[in-house]
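Dear colleague,

My notes on it follow directly after.

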Amino acid sequence: MHREVVIVGSGPAGLTAAIYAARAELHPLVIHGPQPGGQLTITTEVENYPGFAKGIQGPELMQQFEDQAKRFGTEFLVTFVNKVDLSRRPFTVWTEDGHEIKAETLIVASGASAKWLGIPGEAPAPHGLGGLGVSACATCDGFFFKGKPIIVVGGGDTAMEEATFLTRYASRVTVVHRRDQLRASKIMQDKAFKNPKIDFIWNTDVREILGSPETGVTGVRLYDNKTEEETEFPCEGVFVAIGHKPNTDVFKGWLDMDEVGYIKTAGVSMATNIPGVFACGDAQDSFYRQAVTAAGTGCMAAIDAERWLDSLPVPVATGEEVTIEGEVITPDHKKIIMPDGEVIQNKPDGAGDADSGKQAEVVYARHETELPS
Ligand code: NDP
């Protein structure tokens, strides 16, 4: 298989990239695991995705994304990517079921997963109370807990931010943390400590989430790891805020990442450190992590890939712009460094410079990709 655009991941980022790339007639291939649609498929009601005034169920929203991508000719492959070679173009992607795929451009939209405690009652319904009072996203689900007592598990910045945000809705927010000190930054700690609606329970692990499909969450079973006592604590919501893990392990060693594994992108584009590889959505965003922001960056990644395949320059993190032919345009736009090291002036076409014709040819020539029929 040889494709102009290969997209890894089928959440809002990957499928938006697919819609844009497919409409640009780049015939994208989306590779996704057995749970297509990403994190939204394990949520229930989505009320903050623009365009759905009455809200929409997460799985239904993702089905719409997929149908829209298919409508323009996106192909799907259901398998895991287990190895990549990004040393040269076309890039090579190997999958668990034995495919070897060549990609002129690669869009990494593999998302992130909320970390879970792994305790009884936490799994998504119908196996547990996930979606019935258990959540890992206050922005998504806080609204459903108006006037209800809830707990937030964790002691980092996410837990403090979620706890503070949830006081808008909840009658009481109790932070349950496994140590007697928070990991969160001082400013976030102070905000939480000063908030009269937030309490803390220290040195405590949550061992079980209690309730039933009929009642939703009714409480949690707590274990004090100093006194070794177990108690039940009544609440109607549990927000697990113990961090996220981007699904980027397979790209380690190739793509620049932060210490947690979020892929670094240019800032002015979705370019990674490897020209022709773009990243979008939660695989590169540790901060906003919303479906709509993921979709936005998916669109950007696809447009970047289109430009790249058209031999147009794409900005990278150094401030330079690069093309598929290997030219590098300096951050001040004054010079082009050719693949063989020759430096030429980057002047507008017709500026009278002897090099101008050459420059125009370099930057705007259509790149011809040889693909098997
Ligand atoms: P962190 O890894 O910083 O914190 C995770 C918290 O969860 C820690 O307190 C940890 O406990 C606890 N925890 C982890 N595993 C378990 C477990 N199995 N059982 C119980 N508790 C557990 O993750 P965050 O998501 O909070 O933050 C990630 C990064 O994002 C950080 O760099 C943070 O600064 C940043 N961030 C910044 C924000 C902002 O500036 N507005 C907002 C949100 C995040 P322990 O402390 O004992 O290890």
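Pro-126 is found in the loop that links strand S9 (112–114) to strand S10 (134–135); helices (H or I, at least four residues) and strands (E, at least two) are DSSP runs, numbered from the N terminus. The peptide bond leading from Ala-125 into Pro-126 is cis, with omega near 10°. A further cis peptide bond runs from Arg-89 to Pro-90, with omega near -5°. Pro-90 is placed in the loop between strand S6 (81–85) and strand S7 (91–95).

Please note that this is a predicted model, in which local features need pLDDT of at least 70 and side-chain atom pairs count only at pLDDT 80 or more, while totals for chains, interfaces and linings use all residues. Residues are numbered from 1 along each chain as its sequence is written.

Asn-203, with phi of about 50°, lies in the loop between strand S13 (198–201) and strand S14 (204–212). Glu-228, with phi of about 65°, lies in the loop between strand S15 (216–224) and strand S16 (230–234). As to their surroundings, a residue is buried if 20 or more other C-beta atoms lie within 10 Å of its own, exposed if 12 or fewer, and partly exposed in between, with C-beta atoms placed from the backbone. Asn-203 is partly exposed because 15 other C-beta atoms lie within 10 Å. Glu-228 has 7 C-beta neighbours inside 10 Å and therefore counts as exposed.

Turning to the overall fold, the protein has seven helices and 24 strands. Its C-alpha trace spans about 80 × 45 × 40 Å along the principal axes. Of the 373 residues in the protein, 41% are buried. Contacts (C-beta atoms, placed from the backbone, within 7 Å) were also examined by sequence separation: among those between residues at least 6 apart in sequence, 57% join residues at least 24 apart.

The interior deserves a separate paragraph. A nonpolar core is a set of buried Ala, Val, Leu, Ile, Met, Phe, Trp, Tyr and Cys residues joined through C-beta atoms within 7 Å. The largest such core has 59 residues, of which Val-6, Ala-17, Ile-107, Val-108, Cys-280 and Ala-301 touch the most other members. Helix H6 (residues 291–309) gives the most to this core, contributing nine residues. A second, separate core holds 31 residues, including Ala-138, Met-160, Val-220 and Cys-235.

Val-322 stands opposite Val-328 in S22.

Finally, the ligand is surrounded by 15 residues, the closest being Gly-155, Gly-156, Thr-158, Ile-242 and Gly-243; a residue is near a molecule if its C-beta atom, placed from the backbone, lies within 6 Å of it. Helix H4 (residues 157–166) supplies the largest share of this shell, four residues. The shell divides into four nonpolar, six polar and five charged residues, where Ala, Val, Leu, Ile, Met, Phe, Trp, Tyr, Cys and Pro count as nonpolar, Asp, Glu, Lys and Arg as charged, and the others, Gly among them, as polar.

Yours sincerely

Terms used. Pairing = 2+ DSSP bridges. Contact = placed C-beta atoms within 7 Å.
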